Amino acid sequence: MHISGAEAVIRCLLEEGVDLVYGYPGGAIMPIYDELFKFQDQLNHVLTRHEQGATHMAQGYARTSGRVGVAMATSGPGATNLVTGIADAQIDSTPMVCITGQVAAHLLGSDAFQETDIIGISTPVTKWNYQVTHAEEIPEIMAKAFYIARSGRPGPVLIDITKNAQFDFFDFSYETCTGIRSYVPKPTLTKETLIAAAELINAAKKPMIVWGQGVLLGNAEEEFKALVEKTGIPAAWTILGLSGLPTAHPLNVGMVGMHGNYGPNLLTNECDLLLAIGMRFDDRVTGSLDTYAKQAKVIHFEIDPAEVNKNVTADIAVLGDCKESLAQLLPLVIANSHPEWLAVFEGHQKTEYQKVIHQDLNPTKTGLTMGEAVEAINRHTGGDAVIVTDVGQHQMVTCRYAKFVKSKSNVTSGGLGTMGFALPAAIGAKMGAPEREVVAVIGDGGYQMTIQELGTIFQGQIPVKIVVLNNDFLGMVRQWQQLFFDKRYASTEMINPDFVSIAKAYHIDAQSVSKREDLDGAVQAMIASEKPYFLEVCVEKEDNVFPMIPSGASVSDIRLE
Amino acid sequence: MEEKQLYTISIYSENNIGLLNRISAIFLKRHINIESFSTSPSEIKNVFRFVIVVQMTQTKIKKIVGQIEKQVDVIKAFYHTDEETIFQESALYKVKSSALFEERHIQNVIKESHANIVTVSPEFFVIEKTGFRHETEKLYNDLAPYGLLQFVRSGRISVTKSKMGISEILNTFKKNK
């Protein structure tokens, strides 16, 4: 088949099973868009309102579908606008392929119009990147891009294609990539480490599991649940591990980390064995490393060898894909239960309920709380929805109180903490799981960072439900200013526009509530709608999120107020 | 406090544009200064070798090498102490030719240092010295009083005493393909 490089790009995408691309056209990628036009019956292109939106949509899509998200942009500013999403995907291990147009090869380095060194710029935040300057390179590079993005610990790949390589013709044939000699996607699992791990597990009196996104990325939810249930070990989650085990599971003891639950944080420093499964000991999880789980033996189940002993030293590192390692571990562990130890978790949970949760969910003060809004969403979705969050107070509250019955239902920006993530990510999440209800819960700050994607929702009639928890503040920063900067609220108060009018201008049904008696009905109407829907919930301006581990403090220093 | 020492990092990699940037970015991100850096073909066809010298603790070097090895185009990365490697640096010294005749002592300096004279012209001559850092430095100090027109020293090149096993890795990959 003698075809152009641009057509080859489309055929490669089809070969990789891609039927959906997010992007924004421009000069240097026009030949590819011209081919997209010809192939539109096989490949759906969603026109975003900003290239950053395209990356977050691709991320949301990847997170709910488990497939590789694809984003496209032109050279120069189009390419640089992708960078935040790429960095987010890198730190949160999201499989994504970004394709950027580039000036013609003979113009490289001439400061041509819309030329930017996107390879140089994206290098530190991609798993791999490559600049194609000859059309003949396209099939092999595209195959590698998808293989690298989805295999092992997933991540973003950027392919930059010069305009001449898009125009030039060559003889096309496609072969999927099955291996690269310099790249080991997953380390070989060894029986000895599993046996050693099982010995520690079987001997432990006060064991505790902390699981992360590795369980979800590895599609290991069943194996994980089986291990938890057989060993009877209380299991806590990192923010990206959320929904890997149903919220209501009796051994699910809540979230670890800065705004995590009281019990699992305190007991991290009391357990005798810490099983870390598919998580990377982020500083927001561990607090001060000097005082983190020093009394415990640590077993680290991890696919990326560079993560082992990076932050926390492991007594045993079980390297490999956790779907395999957990399955092979299961017959080696004895059936067990730890009722007394579990009761300690329950005791702390009761304390937290009395001091924090009860007031959050059943407030008596006039103003609405973020917690009761999330609880209303729970009531009307039955915990069956995909919940997408942005970054800040609303994110912590939502992740603390949202209920989940299915895995891959929590989409949030964890590692990078990207404000503006949620609205576009919700679009992608909905398209990755069209049969599911998708509710984006967003703060008034982050919402306005990518608010223009309402245009994408309107044009594509993508039925996402948008809840803005509006406190007219950049709430998390304000909370820190209150606690650590003597209430000097430097540039955190926001004078906000009429969000309902903005949504309505995009022909999206919208309403706003600020009274308790209106909340439930409004949420019910939103969930009942089959169209995109916007709901503003005006909440208390100066509420704080607790519990909280102050930055740099020990998990033992977790504060309830 | 764990002590810092010199480590030589050896990287076997594909010869891809951009990998140099990717590797240096790992150091940049962690605010680590590189003492010396050299690249060349390796003993295996189409496999490139980087030799990087850095000063840091063992805990840190392990993590850095892990990050380097994680890169898709890196076949394998190692770190070694000075005792575990054979290493050399080369230096070139450009001196005025008149110094050779006006300052008799300079001839003894050259002789004692076992340096080679690479080229001599009416205006200048160039000396080459390969060896350890302290040897090239000593010659620098000895020649400096006579006026060095130019001085340059290469990055460290090194081979390890232990086996690297790169061909085995590549052969295993070929077999499994």
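Predicted model: local features only at pLDDT ≥ 70, side-chain atom pairs only at ≥ 80, totals over all residues.
Residues are numbered from 1 along each chain as its sequence is written, chains are lettered from A and ligands numbered from 1 in the order in which they are written. Local features need pLDDT of at least 70, side-chain atom pairs count only at pLDDT 80 or more, and totals for chains, interfaces and linings use all residues.

Helices and strands are DSSP runs numbered from the N terminus (H or I, at least four residues, for helices; E, at least two, for strands). In chain A, the axes of α11 (residues 221-231) and α14 (residues 322-329) come within 9 Å and cross at roughly 30°; axes are lines fitted to C-alpha atoms, for helices over the stretch in contact, and angles run from 0 to 180 degrees between N-to-C directions. A:Glu223, A:Phe224 and A:Leu227 of α11(A) meet A:Lys323, A:Leu326, A:Ala327 and A:Leu329 of α14(A), contact being C-beta atoms, placed from the backbone, within 7 Å.

Chain A also holds an open sheet of six strands with parallel pairing, in the order β16-β15-β17-β18-β20-β19; two strands pair if DSSP finds at least two bridges between them. Because β16 (410-411) and β19 (509-513) of chain A stand at the edges with a single partner strand each, one side of each lacks a neighbour in the sheet. Strands β17 (residues 438-443) and β18 (residues 465-470) of chain A run parallel and are joined by five bridges; A:Ala440 has A:Ile466 in β18(A) as its bridge partner.

Helix α16 (residues 370-381) of chain A packs on this sheet, touching β17, β18 and β20 (533-538) of chain A, and its direction makes about 160° with that of β18(A). Helix α18 (residues 422-432) of chain A lies across β15 (386-389), β16, β17 and β18 of chain A, at about 175° to β17(A).

Terms used. Contact = placed C-beta atoms within 7 Å.
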